[in-house]
Amino acid sequence: MRKPLIAGNFKMFKTVHETVSYIGELRQLARDISAVDIVVAPTMTAVHAAAEAAGDSAIGIAGQNVHWEREGAFTGEVSAPMLREAGARFVIIGHSERRTLFGETNDSVNKKTHAALTAGLVPIVCIGETLAQRDANETLAVLDRQIKEGLDGCTGEQLSGMVLAYEPVWAIGTGRNATPAQAGEAHAHIRQRLKQWFGLDPSEQCRVLYGGSVKPDNIGKLIGHQDVDGALVGGASLDPGSFLAIIRGATK
């Protein structure tokens with residue numbers, strides 16, 4: 001059985017000081033939780049301090065983005081080895097805000113995923129459809145392209161340790177979320193495609209999260225589906241009490 005994972009994406013919120021304070025509070029609040037893996041993705045400036053604050057706790061730290069090159073003339077970017085050195089164990093790749101606001105494509109997601117794997121980071125690869133694509137009944141075809149192109153060249157062994165996050169773009173930051181039935185349909189389809197393209201064992205080991213206006217009052221129903229293995233949480237992760245309620249609600 002896959003262990004649930006709850007990841008909090010701070011986006012462009014919280015200073016270094018605020019992040020360290022948050023991690024300290026979360027450590028205390030979640031000290032008795034072992035049935036759920038916990039990941040926090042602070043801003044890049046706070047990754048090292050967050051990793052130090054997390055210390056030997058069970059809280060994993062993630063980067064929110066990464067470049068596919070190890071080094072080079074890429075002003076403002078950060079490489080996978082740099083994230084790893086700063087203390088990150090995970091990295092979010094292809095978040096819908098990166099795709100829609102900064103022009104990321106399935107190809108760049110693929111290159112970033114391979115860079116993360118090479119550096120020993122666990123990629124949290126985001127996929128999901130826009131509202132226009134859902135209204136046009138293109139959801140499953142969009143997911144197929146994003147999986148096939150975004151994970152091109154990855155082995156079954158690599159997939160086993162990866163995380164995917166299904167986040168319907170129309171639900172992110174809008175207060176709307178996919179119904180349990182909608183989420184379940186998408187996650188079941190994703191699992192079937194992973195099985196078809198990577199094999200049974202890797203598809204059963206890869207964790208697939210739901211992302212999109214996840215809150216304490218809907219996590220229970222969302223994670224009730226057998227193919228939903230946790231959540232990628234945005235705004236509701238900024239308060240440690242709210243985030244803890246989601247973490248507790250993820251226990252299957």
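The points below cover the barrel, its strand pairings, its helices and a few side-chain arrangements.

1. Basis and overall fold. The model is a predicted one. Eight strands close into a barrel, in the order E1-E2-E3-E4-E5-E6-E7-E8, and their pairing is parallel. On average, neighbouring strands of this sheet are turned by 25° against each other, direction ignored.

2. E1 and E2 run parallel and are joined by five bridges. Within this pairing, asparagine 9 has alanine 41 in E2 as its bridge partner. E1, H1 and E2 together make a right-handed β-α-β unit.

3. From E2 to E3. Three bridges join E2 to strand E3, residues 59-63, and the two run parallel. Here the bridge partner of valine 39 is glycine 60 in E3. E2, helix H2 (residues 47-54) and E3 again make a right-handed β-α-β unit. How enclosed is E2 by the rest of the structure? Four of its five residues are buried, so E2 is largely enclosed.

4. Strand E5 and its two partners. On one side, strand E4 (residues 90-93) pairs with E5 in the parallel sense over four bridges, and isoleucine 92 stands opposite isoleucine 124 in E5. E5 (residues 122-127) also pairs with strand E6 (residues 163-166), in the parallel sense and over four bridges. In that pairing valine 125 stands opposite leucine 164 in E6, while isoleucine 127 stands opposite tyrosine 166 in E6. E5 is largely enclosed by the rest of the structure, because five of its six residues are buried.

5. Helices lying across the strands. Helix H9, residues 180-198, lies across E5, E6 and strand E7 (207-211), and runs at about 150° to E7. Helix H12, residues 240-249, lies across strand E1 (5-9), strand E2 (37-41) and strand E8 (230-233). The direction of H12 is at about 160° to E1.

6. Aromatic pairs. How many aromatic pairs are there? The count comes to two. Phenylalanine 10 and tyrosine 22 form an edge-to-face pair, 4.8 Å centre to centre and with 80° between the planes. This pair links distant parts of the chain: phenylalanine 10 is in the loop between E1 and helix H1 (16-29), and tyrosine 22 is in helix H1, 12 residues apart. Phenylalanine 10 counts as buried because its relative accessibility is 0%. Tyrosine 22, at 3% relative accessibility, also counts as buried.

7. The second aromatic pair. Tyrosine 166 and tyrosine 210 form a tilted pair, with 6.2 Å centre to centre and 55° between the planes. Tyrosine 166 lies in strand E6 and tyrosine 210 in strand E7, so the pair ties together parts that are 44 residues apart in sequence. Is tyrosine 166 buried or exposed? Tyrosine 166 is buried, with a relative accessible area of 0%. Tyrosine 210 counts as buried as well, at 1% relative accessibility. Tyrosine 166 is also the residue that isoleucine 127 stands opposite in the strand pairing.

8. Charged side chains over rings. Which residue lies over the face of phenylalanine 10? Lysine 14 does, at 5.8 Å from the ring centre. Phenylalanine 10 therefore has a place in two of these points, being buried at 0% relative accessibility and a partner of tyrosine 22 in the edge-to-face pair. A further arrangement of this kind involves arginine 98, which lies over the face of phenylalanine 102 at 4.3 Å from the ring centre.

9. Leucine 117. This residue is found in helix H5, residues 106-119. What does leucine 117 contact, leaving aside its neighbours within four places in sequence? Its contacts are Pro123, Cys154, Gln158 and Met162. Leucine 117 and valine 91 are 26 residues apart in sequence, and their C-alpha atoms are 10.0 Å apart in space.

How values were computed. Residues numbered from 1 in each chain as written. Predicted model: local features only at pLDDT ≥ 70, side-chain atom pairs only at ≥ 80, totals over all residues. Heavy atoms only, no water. Pairing = 2+ DSSP bridges. Axes fitted to C-alpha atoms, helices over the stretch in contact; angles between N-to-C directions. Contact = heavy atoms within 4.5 Å. Phe/Tyr/Trp six-rings, centres within 6.5 Å; stacked < 30°, edge-to-face > 60°. Buried < 20%, exposed > 50% of the residue type's maximum accessible area, 1.4 Å probe, protein only. Lys NZ or Arg CZ within 6 Å of the ring centre and 35° of its normal. Right-handed = clockwise from strand over helix to strand, strands pointing away.
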